[in-house]
Amino acid sequence: MNNEPIALEIDEEMSEMKKMNDELTETNAVLESAYLELVETLRLAVEAKDNYTRGHSDRVSAYSVLLGEKLGLSTRRLKTLRIGGIFHDVGKIGVPDSILLKENGLNDNEYAEIKKHTVVGADMLQPVSYFKNILPIIKYHHEKYDGTGYPEGLKGEKIPYLARIVAVADSFDAMTSRRSYRNSLTRKKVIKQFEIGRGTQFDPQIADVMLDIINNEPEKIKEIQNRFEN
Ligand SMILES: [Fe+2]
C-alpha cells in the first residue's frame, strides 16, 4: 500500500498550521505594541496635566510591586499592580487645573471635584479591554479599611485587594515626597502614620509589610526614589 498521498496531505496541513500560527504570533505582537503605544500616550497626557504626577505614579507603581512581591502575588497580579500603579490617578485629567494645581486650602466643592478622579479614571479606561484588570485599582485606591474612604465607602475585605496595596503605596509616597508647601515627613513620622493607620486607613497586613520594608530594607525604597526622581 502506498501511504505517500496521506503523508503529503499531513505535510501540507502542518505547513498551513505553521503559517496560521506565525500569523497569530505576528498579530499578537502588533496588538501588544499598539497597547504599549496607548499606555505611553496616556502617560504623556497625565504628565502634561500635572508635572508632579509622573514621578509619583512611577514610584507608586514600583512600591506596589515591591509590596506585592512580599505578599507573594503571582506574576500576572504583579503586572496588574505595575500598570495599575502607573494609572491610578489617570482620572485627574478630568479635574480642572485651577483645582488640581492648587496647593492647599481646597474648599468642600473643590475637594469633591478632586475625589471624582477615581470614578472618572475607571470610566475612561473601561472601554479598553486590556485595562480591565486595573479598573478596580483606579476606582478604589482611595477607599479606607474602616469604610471612611471614597468613592463608595467600601470597608475591609470588600475593597479589592490590589487597590488596598496601591492605597498603602500611594500614601507612603505622599508622605515621603516633598511638596512646594511642605517637606517630606521624617522616617519616624512615616512609621507612626502606618502604625496608627493599620486597621483604620490601611489593611493591617499590608501596612505591616510596608513597615517591615521601611525598617529592614530602606535601600529598596532609596533605589525606587533615585530611579523616579521628580
Ligand atoms: Fe488618587
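The radius of gyration is taken over C-alpha atoms, and the rule for a globule is 2.2 Å times the number of residues to the power 0.38. By that rule, a compact globule of 230 residues would have a radius of gyration near 17 Å, but this chain has 22 Å. Its C-alpha atoms fill a box of roughly 90 × 40 × 35 Å along the principal axes.

This is a predicted model, in which local features need pLDDT of at least 70 and side-chain atom pairs count only at pLDDT 80 or more, while totals for chains, interfaces and linings use all residues. Residues are numbered from 1 along each chain as its sequence is written.

## Overall layout

The chain has 11 helices and zero strands. Helices (H or I, at least four residues) and strands (E, at least two) are DSSP runs, numbered from the N terminus. Along the sequence the pattern reads α-α-α-α-α-α-α-α-α-α-α.

The chain is assigned domain 1 (1-49) and domain 2 (53-227). Such bounds come from an automatic or database domain assignment. The centres of domain 1 and domain 2, taken over C-alpha atoms, are separated by 36 Å. Where they meet, seven residues of domain 1 are in contact with 11 residues of domain 2. Two residues are in contact if their C-beta atoms, placed from the backbone, lie within 7 Å. On the side of domain 1 that touches domain 2, four residues are nonpolar, none is polar and three are charged. Here Ala, Val, Leu, Ile, Met, Phe, Trp, Tyr, Cys and Pro count as nonpolar, Asp, Glu, Lys and Arg as charged, and the others, Gly among them, as polar.

Contacts also show how the chain folds back on itself. Among contacts between residues at least 6 apart in sequence, 64% join residues at least 24 apart.

A residue is buried if 20 or more other C-beta atoms lie within 10 Å of its own, exposed if 12 or fewer, and partly exposed in between; C-beta atoms are placed from the backbone. Buried residues make up 29% of the 230 residues in the chain.

Because 12 of its 16 residues are buried, α8 is largely enclosed by the rest of the structure. The buried residues of α8 include Leu162, Ile165, Val166 and Phe172, but also Arg164, Asp170 and Asp173.

A nonpolar core is a set of buried Ala, Val, Leu, Ile, Met, Phe, Trp, Tyr and Cys residues joined through C-beta atoms within 7 Å. The largest one has 34 residues, and Leu67, Ile165, Val166, Val168, Ala169, Ile206 and Met210 touch the most other members. At least two residues of this core come from each of α2 (51-70), α3 (75-87), α7 (135-140), α8 and α10 (204-216). α8 gives the most, with eight residues. In soluble globular proteins, nonpolar side chains tend to be buried together.

Which residues does Leu67 contact, leaving aside neighbours within four places in sequence? They are Ile165, Val168, Ala169, Ile206, Val209 and Met210.

Val168 is found in α8. It counts as buried because it has 27 C-beta neighbours inside 10 Å. Beyond four places in sequence, Val168 is in contact with Leu67, Phe202, Ile206, Ala207 and Met210.

Gly84 is in helix α3. With 27 C-beta neighbours inside 10 Å, Gly84 counts as buried. Other buried residues of α3 include Thr80, Leu81 and Phe87. Gly84 and Ile138 are 54 residues apart in sequence, yet 6.8 Å apart in space, C-alpha to C-alpha. Outside four places in sequence, Gly84 is in contact with Ile134, Ile137, Ile138, Leu162 and Val166.

Is Leu42 buried or partly exposed? Leu42 is partly exposed, with 18 other C-beta atoms within 10 Å. Its place is in helix α1 (residues 4-49). Not counting residues up to four places away in sequence, Leu42 touches Phe87 and Val90.

## A cis bond

The peptide bond from Tyr150 to Pro151 is cis, with omega near 10 degrees. Pro151 lies in the loop between α7 and α8.
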